[in-house]
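Trainee: I am new to this structure and would like to learn how to read its features. Could we take them in turn?

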Amino acid sequence: MTDAGVGQPLSRDEVKIREAADQSYRELEGELIPETRSFEKLLNVVRARTREAPLQALAVAFILGAMAVRR
């Protein structure tokens, strides 16, 4: 069985699909991307602060949500 597209350059959409598939595979295998790690660190800090000061965290979440909606 042969692939009709072998040897031909990939279109931009095909490249994007392959990159997304590769990224998803790496994430499933536990190889997190550095951007994801920094985001997870931020979430961990926010979770810890929420447990320490729930009322203040609720106020911050409300303000961040309002800012996000205005964008």
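Mentor: We go through a helix, a pocket and a surface patch. Keep in mind that the model is predicted.

Trainee: How many residues does helix α1 have, and what span does the helix reach?

Mentor: A helix can be checked by setting its span against the one expected at 1.5 Å a residue. Helix α1 covers residues 12–28, which makes 17 residues. From its first C-alpha to its last it reaches 24 Å, close to the 24 Å expected. Gly-30 follows α1, and its phi is positive, near 95°.

Trainee: Which residues line the largest pocket?

Mentor: A pocket is read by its volume and its lining. Here the largest pocket has a volume of about 160 Å³. Its lining includes Val-46, Arg-49 and Thr-50, and also Gln-56, Leu-58 and Leu-64. By class, the lining has six nonpolar, two polar and one charged residues.

Trainee: Which helix gives the most to that lining?

Mentor: Helices α2 (34–52) and α3 (54–70) each supply at least two residues. The most comes from α3, with six residues.

Trainee: Which residues form the nonpolar patch on the surface?

Mentor: A patch is read as a group, by its members and their accessible area together. This one is formed by Val-60, Phe-62, Ile-63, Leu-64 and Met-67, with about 550 Å² together. Of these, Met-67 has its place in helix α3.

Methods
Residues numbered from 1 in each chain as written. Predicted model: local features only at pLDDT ≥ 70, side-chain atom pairs only at ≥ 80, totals over all residues. Heavy atoms only, no water. 1 Å grid on protein atoms, 1.4 Å probe; cavity = no way out; pocket = protein on both sides within 12 Å on 5 of 7 lines; lining within 4 Å. Points joined across faces, edges and corners; volume = space filled by probe spheres on them. Helix = DSSP H or I, 4+ residues; strand = E, 2+ residues; numbered from the N terminus. Nonpolar A, V, L, I, M, F, W, Y, C, P; charged D, E, K, R; others polar. Patch = residues over 30% accessible without salt bridge, like charges linked within 9 Å, V, L, I, M, F, W, Y side chains within 5 Å. Areas by Shrake-Rupley, 256 points an atom, 1.4 Å probe, with all protein chains shown as cover. Salt bridge = Lys/Arg side-chain N within 4 Å of Asp/Glu carboxyl O. Expected span 1.5 Å × (residues − 1).
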